[in-house]
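User: I am new to protein models and would like to learn how to read one, feature by feature. Could we go through this example together?

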Amino acid sequence: MSDGTEKTVLITGASSGIGQATAVRLAAAGYRVVLGARRTERLAELAEQLRGAGGSAEYRALDVTDAEDFRAFVEFALERYGRVDVVVNNAGVMPLSTLDAGLLDEWNRMIDVNIRGVLHGIAAALPLMRAQGHGHFVNVASIGAHEVVPSAAVYCGTKYAVWAISEGLRQESGGDVRVSVISPGVTESELADSISDPEAAAGMREYRKVALPASAIADAIAYAVSQPSEVDVNEIVVRPAATR
């Protein structure tokens, strides 16, 4: 086992994409991972895979839009492993559309998952991290936190909010709680599957012709998490080399 031994890492959105890849990467490095998502059948399969490879993994159904459910997720991890060292706030949705489409339900869903989900994770785990004198939030934003493109105004707004919330938390933490933002460029995932707007869906298919594997983002998360306690990796932006 490597530097991850004895550290407990909670991962949201762990049933696919970046969350799943992060679980695989960290479990292989010796971290004890606690997987959260709504699709528990996928979590069960992943946990079995990780244990079969010699890793330590637990899972629980999690709806990040429900603050009480997130609090119960943290309590579950604490009961299983006795500590919570890292929370990877990864769960996100991306139903892109232009503003004139007026898809309010989809916009609100992005706000609920992408922003409130992160806030619920902070609210659930921060008191515990303060009490134990250490902790680390890794919040997955997006290149959309830094640039806006047509059809992505609301999505980019939610990811900029993740960046801003993370920066505020970092400034308030006084060094006891580390905060890292991971901002992926286009990455292989199921995010685009939720796009209902035909024009936005067509644009995203073209945009995603060059995409990073989810493992590339998992490596960035592993780097941030593995640093010694006096090192706070504030942000990592990872995008395909062909993207400029």
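Analyst: Let us begin with contacts, where contact means heavy atoms within 4.5 Å. Among contacts in the protein chain between residues at least 6 apart in sequence, 71% join residues at least 24 apart. Please keep in mind that this is a predicted model, in which local features need pLDDT of at least 70 and side-chain atom pairs count only at pLDDT 80 or more, while totals for chains, interfaces and linings use all residues. Residues are numbered from 1 along each chain as its sequence is written, and side-chain values use heavy atoms, with hydrogens and water left out.

User: How many helices and strands are there in the protein chain, and what pattern does the chain follow along the sequence?

Analyst: Helices (H or I, at least four residues) and strands (E, at least two) are DSSP runs, numbered from the N terminus. The protein chain has seven helices and seven strands, and reading along the sequence gives the pattern β-α-β-α-β-α-β-α-β-α-β-α-α-β.

User: What share of the residues in the protein chain is buried?

Analyst: Buried means under 20% relative accessible area, exposed means over 50%, and partly exposed lies in between, using a 1.4 Å probe and protein chains only. Here buried residues make up 50% of the 244 residues in the protein chain.

User: At what angle do helix α3 and helix α4 pack?

Analyst: Axes are lines fitted to C-alpha atoms, for helices over the stretch in contact, and angles run from 0 to 180 degrees between N-to-C directions. Helix α3 (residues 67-81) and helix α4 (residues 104-132) pack at about 40°, and their axes are 9 Å apart. Angles under 35 degrees count as roughly parallel, over 145 as roughly antiparallel, 65 to 115 as roughly perpendicular and the rest as oblique; α3 and α4 are therefore oblique to each other. On the side of α3, the contact is made by A67, F70, R71, V74 and L78, and on the side of α4 by G117, H120, G121, A124, A125 and L128. If Ala, Val, Leu, Ile, Met, Phe, Trp, Tyr, Cys and Pro count as nonpolar, Asp, Glu, Lys and Arg as charged, and the others, Gly among them, as polar, the residues of this contact divide into seven nonpolar, three polar and one charged.

User: How many salt bridges does a search of the whole structure find?

Analyst: Side chains of opposite charge can pair when their charged atoms come close. A salt bridge is a side-chain nitrogen of Lys or Arg within 4 Å of a carboxyl oxygen of Asp or Glu, and a search of the whole structure finds nine of them. In one, R116 pairs with D112, the closest N and O atoms being 2.5 Å apart; R116 and D112 both lie in helix α4, four residues apart, about one turn of the helix. R116 is partly exposed at 41% relative accessible area, and D112 is partly exposed at 26%.
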